[in-house]
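Reader: Could you walk me through this structure, one question at a time?

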Amino acid sequence: MVNPDRDARRDGDEDQLDLLSFRRWRAERRPKPRRGVYLLPSLLTMGNMFCGYLCVLYAIRGEFDIAAPLIGIAVVLDMLDGRIARMTGTATAFGVEFDSMADVISFGIAPAILTFMWGLQPLQRLGWAAGFIYLSAAALRLARFNIQSVKSTDKRHFVGMPSPAAAAVPASTVFFYPGGIQDPRWALVALAVMLVPALLMVSTIRFSSFKTIDMQKRRSYKVLALVALVIAVIQIHLSIVLLGLAYLYMLAGLVGAAWTRFRRRGTPAASG
């Protein structure tokens, strides 16, 4: 006697086996990334590190107008290597560690030496101590980021100011005024430029990461026109725009933290 329920279950099991076989076949036929694709993020990281190395050399020679933009190029390369690795599925543990090593040079050592040669020398021991504090803060920030990125699920914010953004503050300042500082009184400005980003890197203040922006989403042509306008403005007033962007991002984190604390204090009074 034919059992229709048993036949239906058998047909369902066969359909599931066929679906699993198809998925397995599709996974096997899917082209694997070539070795050159794996090499591309590492080459960008190498370029990031090379920019930091060149920045140190030019800073020692006193050519600050050349040294400062190299940190900006390193920031762009640092943004590209991680994004390309994620888009191509070539992110590896080696790439993460290599990126951190390069960041210590480009966003730790290079800004410290650049700012010291530019404006901290008149302060003598206080100047080189400030540079070392900045370097230590950058190394601690990167080590903490490597630990938190594994556990954290919040992709919208960084805990503490990211090291590339922190390096952009002294770099944009030097690029805006590459003449250097010789007066010890004005050297206090360089001291603040060095220590404020250092403290923000090791703080718990949240800074926007911009990782939630979907670059593959279709957008209106007006957005492209706006991007072209921004590029034109940057080209006309490059040093001013870069200085404004660096300090605006730093101030945005401070304002956001102050607003959050103010709102938490006002909540009990409003509820009462």
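Reader: Is Ser163 buried or exposed?
Author: Happy to start there! Buried means under 20% relative accessible area, exposed over 50% and partly exposed in between, with a 1.4 Å probe and protein chains only. Ser163 has 2% relative accessibility, so this residue counts as buried.

Reader: What kind of model is this, and how are residues numbered?
Author: Residues are numbered from 1 along each chain as its sequence is written, and side-chain values use heavy atoms, without hydrogens and water. Local features need pLDDT of at least 70, side-chain atom pairs count only at pLDDT 80 or more, and totals for chains, interfaces and linings use all residues, as the model is predicted.

Reader: Which residues is Ser163 in contact with, leaving aside neighbours within four places in sequence?
Author: Contact means heavy atoms within 4.5 Å. With those neighbours left aside, the partners of Ser163 are Phe107, Tyr134, Arg141, Leu142 and Met201.

Reader: How far apart in space are Ser163 and Gly108?
Author: In sequence, 55 residues separate Ser163 and Gly108. From C-alpha to C-alpha, their distance in space is 7.6 Å.

Reader: Which residues of helix 7 are buried?
Author: Good one to check on screen. The buried residues in helix 7 are Ala187, Ala190, Leu191, Val193, Met194, Pro197, Ala198, Leu200 and Met201.

Conventions
Helix = DSSP H or I, 4+ residues; strand = E, 2+ residues; numbered from the N terminus.
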